[in-house]
Each structure stands twice: as C-alpha cells, then as structure tokens.
Amino acid sequence: MNRTKAILMAAALLAVTAILLTRGTPNKLPLRTPPVKDPVTRKGPISFGAGLSGTALLQGGQGEVFLDLSLQVDRAGHSNSAPVSLALVIDRSGSMAGQKLANARAAARKLVQSLRPGDRLALITYGSDVTTLVPSTLIDEASRARLLSAVAGISDRGGTYLSGGFEAGRDELLKASAEGQLRRVILISDGQANEGITSISSLSAMAREALERGVHLSAMGVGLDFNENLMTAMAEHGGGHYYFIEDAAALAGIFSKELETLTSAVAREAELEITLARGVELVELYGYTYSQEGQVVTVKLPDLFGGQDRKVMCRLQAPTAVTGIQPLAATKLSFTDVKSGAAVTLGSAPTVLVTDDQSQVNAGRDRGVLARVEQAKISTNLSKAMESYSSGDLAEAKTRLSNQIATTTAANKDLKSSELDKIVGRLKRQLRASEEAAPSSPAGRALIKGGKFDAYQMAK
C-alpha cells in the first residue's frame, strides 16, 4: 500500500509540475521547425501552388510576409477545339486616318482568314457613331468573304465614341454566342474617349459587368495619343489583356497572339479566392483588381491558356505574438475546363512558423519569391514615376526611378536574379529618357506609355 501511495504521489507531483510549467509559458507551442512547403496541386494541364517570401517570422516582429500564388499551364498538347466568339471593335475616328487605319484593316483581314469554321466574328466600327458592319456570324467560306469585303470598306470619320463601340461588341456576343464559347471583345483605339461615356470608372464598371456575364475584353491602344490608364483599367476589369502598340504595323501580330491565346485556352471563368486566416490582413495585392468581403478576397482572372505562367503576389500582415505554426490563408483556384465543361477546383493552405530564433527566420527566406516581390514593387513604383513624369513633376519622377534603381541593385546583391539585372538596365534607360525628353514630346509620350506597359507586364 505504501508503495502504491508513493507512486500516486509522484504522479501527482509530476502533473502539478507540468501545470505550473504550462502556466509559466501560456502561449508557447512546442513546434520549433518551419512548416513544410505548401505542395503544388495539379489538374490536367494546370498546376497551382503557394510560395512564401519566408517560412518563419520573428516573434513580436512586424509580421510582414509575401504570399506568391503561382499557376502554370502546360504548353504542348492542349489546343482548344471549342469554337471562339469574337467582336472586333475598330476605332475609325479621324485620328486613325492614313497608315494607322490601313494597318488596322490589314490586321483585321489576317484575323478573318485565321478563324476556323465554327468560330464566330462580329465586325464593328466607331467614330462619332457606331456601325455594326457584320453582326456576329458563323465562319464559313461565304461569311469569310462578306467579312473581308466589309473590312476593305472601313474609312475614317468622326470622334471617339468608345463606350458605344464596346457596348455594340458586347451585345453581339451576348445575343449570338453559344453556351460554353470563349467570348471576347477586341477593342482598338488610338485616341481619347470624347463622346458617350468617357470616365475611367464608368467604362471600367461596364467592362466588369460584361465580364460577370461571360464577355471578356482585351484593349489595344495604338500610337501615342490614347489614354493608357483607361485602356489598362478596362482590360483589367474586363478580364482580358492590354497592349500598347506604338507602331500600328504590329497590329497583325498582336491579333495573332490574342487569337492564339483563345485557341489554346484550357480554362474559362477562372477565379482565385483567398480566405485570410484569423488575425491576418491583406496589405496589398499587386497587379490585379480584386474585391474583399471580410476575410475573403476574390480575384477574377483571364481565361487560362497553354504555356501561361501567371503570378498573384499578396503582401500580408500576420500576428506574431504567439510562437508556433500560424495559418495564413486558404486559397482556392476555380475554373471551368474548356474541353469537358467540368468545374475544377485546386487549393492550398500556406502556413508560417512564428519563432524567437532569428536563425530560423534567416534560413527560411526564399530568394526566388523575394525576387518576384521586388518585381511587384518595381511595377508599382514605375507606374507612379510615369504618372509623375506625365503630370510634369520631373523631379519626383527622377527621384522615384533613381531610388528604385539603387534599392533593386542593393537587393540583388543577395538575390542574384538575372531578371532583376535586366529590369535595372531598363530603369536606367527610362531615367535617361525622362531627363532628355519633355513629357509632351513624342519621345516623352512614348516613354510614358512604354513605362506603364512595362509596369503592367511586370505585375503579371
């Protein structure tokens, strides 16, 4: 009996000791190793994964961590046999007169000749009014001939009723396209929207509403006189692509590229949903428009096509008071498979370790993700520098570009990214150009549009 009592007393003493130790460190979890890297999930040709700028955060620190969401589509063997439905909307205002309109007609002819039997095309022009030259029609030899004839007859006249042209293209796709078709308006403009709806916010809302109804928009700015902020915003809200085309002779190649993306599309209605963990805040999401309700962030993505590599970079603020594993978010990529029509979902649930060991924080840094973080920051700063330059604040533009060059050069001594080396070279050339040309000059306007286009591409 005495032996039994002794054993019971020892057990009780151990239990009390454990309770006291736990009370002494109420928030301390035993885990001391960083979480395993979030695996890449895959469905057919599409893979989706999450990377972090670092797998560990210092206890009591700022808690800043960058979440790098990556989706990739195989290049080979995934051509889209489903038909596409396009509305080609061409600016025929007076400023398009001459070679620009001739190049637009040549590009339109090539597009008509490249479409497959079973695809659809509507041909619309706009100046001060809107003309539907050919309503949405199935491509066969007879309709191809009608379209080519209509393209040949396009002539310049009038102002720039851009909103009316977009609405006409959208409506043709909505009333004529079959369920499941990839529907896209290709909008071309070389000038300022000066008739009808003209504000960026209102035109962006039109593009967003069209996207919600299944119609995507790609916007192509030609020359040096269009509003690049407007065209970029419409493409972003319309779930398509934006192109800066300084020389209209390049239009045919851009049309071919846009058609190639559609005919190699493997997913439509793509959407990224990020549900932030408790206590985690989204500070910034680079390069994409998004909506947020509570802890749920939603990003509408363009259709996904073969060979695509798309990045969505998020700057997060995570709690660091408690050591141990800290969930960051549950991420979900959803889309409709073009071939099968099936709904597909891929997901990830990245976590980070909160630790009081600085060596773990240092060891957990991911140089590849950090290099992409640097590109995202450059994209934002370059766009702001071009805005400053455009408004005539040359000193501010120079300061932004100079500081960015210095910051990126210093960061790349550790990151050793060849891509960042190339970007620094471009920034230096843009800085020199900003010092040599007035913003209103042809060279200055080319710098503004080219710089903003660089920023747009860098963020994708």
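Visitor: How many salt bridges does a search of the whole structure find?

Guide: The search turns up 25 salt bridges, each being a side-chain nitrogen of Lys or Arg within 4 Å of a carboxyl oxygen of Asp or Glu. This is a predicted model, where local features need pLDDT of at least 70, side-chain atom pairs count only at pLDDT 80 or more, and totals for chains, interfaces and linings use all residues. Residues are numbered from 1 along each chain as its sequence is written, and side-chain values use heavy atoms, with hydrogens and water left out.

Visitor: Which residue forms a salt bridge with Glu387?

Guide: That's Lys452, with the closest N and O atoms 2.8 Å apart. Lys452 lies in helix H12 (residues 442-458) and Glu387 in helix H9 (residues 367-390), so the pair ties together parts 65 residues apart in sequence. Helices here are DSSP runs of H or I, at least four residues, and strands are runs of E, at least two, numbered from the N terminus.

Visitor: Is Lys452 buried or exposed?

Guide: Buried means under 20% relative accessible area, exposed over 50%, and partly exposed in between (1.4 Å probe, protein chains only). Lys452 comes out buried at 10%, while Glu387 is partly exposed at 34%.

Visitor: What does the side chain of Arg426 meet in a salt bridge?

Guide: Asp454, at 3.7 Å, N to O. This pair links distant parts of the chain, with Arg426 in helix H11 (residues 418-436) and Asp454 in helix H12, 28 residues apart. Arg426 is partly exposed at 26%; Asp454 is buried at 19%. As for networks, salt bridges with shared partners join Glu228, Glu387, Lys449 and Lys452 into one.
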